[in-house]
Amino acid sequence: MAKSKKIPVDRRGFLKGAAAGAASILAVKPPVAFAQQAQPGAREAATLVAANTAPTVEARVIDRPGSDFMMDVFKSLGFDYLFANPGGSFGGLHESVINYGGNVDPEFITCMHEESSIAMAHGYAKIEGKPVLTMAHGTVGLQHASMALYNAWCDRVPVYLVIGNTLDAAHRGGEVAWDHSVQDAAAMVRDFCKWDDTPISLQHFAESAVRAYKIAMTPPTLPVVLVADTELQDSQIPADERLRIPKLSPTSPPAGDSNAVMDAAKMLVAAENPVILVGRSARTPAGVKLLVELAETLQAGVVDQHLRMNFPSRHPLYQAWRDRAALADADVILGMETADFYGMIQARVRNTAKPLKIVTISSGDLYNKSNYQDFQRYQAADLAIAADAEATMPALIEACKKLLTDDRKRAMQDRGTKLAELSRQTHERLQLQASYGWDASPISTARVSAELWDQIKTEDWSYVSDALFFSFWPNKLWDMKQHYHYIGNKGGAGIGYGSPAAVGAAVANRKHGRLTINIQSDGDFMYAPGVLWTASHHKIPMLTIMHNNRAYHQEVMGIQGTANRRSRGIERIGIGTKIEDPLIDYAGLAKSLGVRSEGPIKDPKELAGAFKRGIAAAKGGEPYLIDVHTQGR
Amino acid sequence: MKNLGFLFVVLAATVLAQDKAPAGNAENGKRLYMRNGCYECHGTVGQGAGANPIAPKLAPKPLALAALTAYIRKPAGGMPPYTSKVVADAEVADIRAYLLTIPEPPAVKSLPLLNQ
């Protein structure tokens, strides 16, 4: 935008004038005099007025603000929703969304915290396979959002965040506007975002916005940040400005080098006990089908790190619940998009001295940054293929099929039969484990999972919680086969992810008519309980079951371990870790936020009725919460 | 942490012989089981917890007293050691007495919810 055409008013001045009841199209006097005349005690009010007012302005109507063009750009990218907590620095965009854009594609979903906005976007993207639009202040909003962005970064999830900022110091308002302005807005999160930009013209904005989307969606899929300057948002688009929205050209996911893929196939086909170890190999539903085909082609066992729904939980080749034994038996391990691969391999090495060949396929080899260490410890491999696993699997499957001989096929069928029997035995062991503590109160996590499965198994369901703190019982007992049946964990283990990610996932599931199930840890929930209001306000159907173990249980166990190693006893470990005295009334809290609820339930015999009511409510289109007093894990 | 379950199970399998140790006080043992935080990882009725599981089940059929005492003094994996300063030998016997009171779970086949 040409500087000479800058409009001499900013949005704050415009809004202030309107709020004061003055004719907004007339000149507005600077508020400085008012501020100077204010008496002690009126300083706060004066500061607020000053904060919302430009230093020297001449107000007039703007009929074609830059933010309208920004909205056109966003519409071209196909965003279904905008997840945001409102903030002045992107107020121009907000207004364009709801008025110019008609609050459709994207529809504004009101969030009660920026961390919730981003975590919701995180959950949404894992269901829908694409980002929503999110917005936040460039300073305080981004500070709130940062942990959720880090979780998404570690979880390889595309999040698209637009932050407002006023770069030009001559066009900032008063004290608050200065507090909310920053030289380099995205700097704070640059270490854990794939790309960011600060456009200085609308054309620049359009190109960067499209580029940001393209980069976020290219594996490894990751968060991106775009700064929307307030002047660009609020200034009139000159009549002679010729703006162009570039076409989005999605990048084909990077597949492995053909020679390397053939080498991998040779190793896998020749192996006596190949094991496929997967972390986030199924980026999309197609990834599940491909992994099934690869495993069945090789009759290889699959060990899963539960970071996505990679492989059907009741498939006879699924060996996740005997992972140590499966890895110990392996002579070739193919690791695909794994996390903590070193830890898994070293655990295997400790259990056996058998020779082992390691092959990896990971987009993590294509892109890394230095400061944050989520890339995990270095694990050497015999063959490392820098590529997206899902994009590489078709070629790998074909290469394996070409190498199959009748002898190898017979050997593989024998192996498959043995693995199927081991899988059956493992399932029986899990059933037996689930029976222990069956009638206990607090209620066992296995019992909750079994009761729930009984009622959702005939529904089109989607389990959207991190299962770690629930001892993975849903993953052990439920028949997971669709990609949306499980969406993995927090990514960066940052607490406060659970409930907002679940609501975001439920937004995505809503249009598919799926029943969203959230088993919600209590400590995690209290980081952002306001997200239930969002679910209520926007009529987002989902069933939340509180995993109310009345503690930050992981830390209880951690402090207990530390105290024991120091031989000091553990009687005081509840200090700082237990959530009791008073116990939190989650059902009451939910009701206060507009969500129907019940509980706490302490008798396992009462679960069935409660779940029936909760499922009926969710199928009827509303959120519902059931508080359950549970065992620690 | 993952090794803990494996070693514990192996130990249990090898030392599950008839226990001739003193019976202990089950009521006090339950209090100690809760006070000493055994339940935090192993569950209030010793059912075990965790993915594979990290903390194995302790009941029914707990380890023999000598093996149980030896293990908690010098555990494997992620389990922290409980010295005699924290849990006296007699208290371990009481905890074990509590674990002995925990009944067998219902048979899996009798639970329709686990057969679907």
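Modeller: Beyond the four places on either side of it in sequence, A:Leu161 has contacts with A:Ile118, A:Thr134, A:Ala136, A:Ala145, A:Leu149, A:Pro223 and A:Val225. The model is a predicted one. Both A:Leu161 and its contact A:Leu149 are listed among the residues with the most contacts inside the largest nonpolar core. That list also includes A:Leu82, A:Ile276, A:Leu291 and A:Val302, and the core as a whole numbers 204 residues. The element that gives the most to this core is helix H7 of chain A, residues 140-154, with 9 residues.

Chain A is divided into four stretches: domain 1 covers 3-51, domain 2 covers 66-234, domain 3 covers 258-429 and domain 4 covers 436-629. For domain 3 and domain 4 of chain A, the C-alpha centres are 31 Å apart. Where these two domains touch, domain 3 of chain A contributes 13 residues and domain 4 of chain A contributes 16 residues. The domain 3 side of that contact is made up of 7 nonpolar, 3 polar and 3 charged residues.

Further out is the contact between the chains, with 34 residues from chain A and 31 residues from chain B. On the chain B side, helix H1 (2-15) and helix H3 (38-42) supply at least two residues each. By class, that side of chain B consists of 16 nonpolar, 10 polar and 5 charged residues.

Key:
Residues are numbered from 1 along each chain as its sequence is written. Chains are lettered from A and ligands numbered from 1 in the order in which they are written. This is a predicted model: local features need pLDDT of at least 70, side-chain atom pairs count only at pLDDT 80 or more; totals for chains, interfaces and linings use all residues. Two residues are in contact if their C-beta atoms, placed from the backbone, lie within 7 Å. Helices (H or I, at least four residues) and strands (E, at least two) are DSSP runs, numbered from the N terminus. Ala, Val, Leu, Ile, Met, Phe, Trp, Tyr, Cys and Pro count as nonpolar, Asp, Glu, Lys and Arg as charged, and the others, Gly among them, as polar. Domain bounds come from an automatic or database domain assignment. A nonpolar core is a set of buried Ala, Val, Leu, Ile, Met, Phe, Trp, Tyr and Cys residues joined through C-beta atoms within 7 Å. A residue is buried if 20 or more other C-beta atoms lie within 10 Å of its own, exposed if 12 or fewer, and partly exposed in between; C-beta atoms are placed from the backbone.
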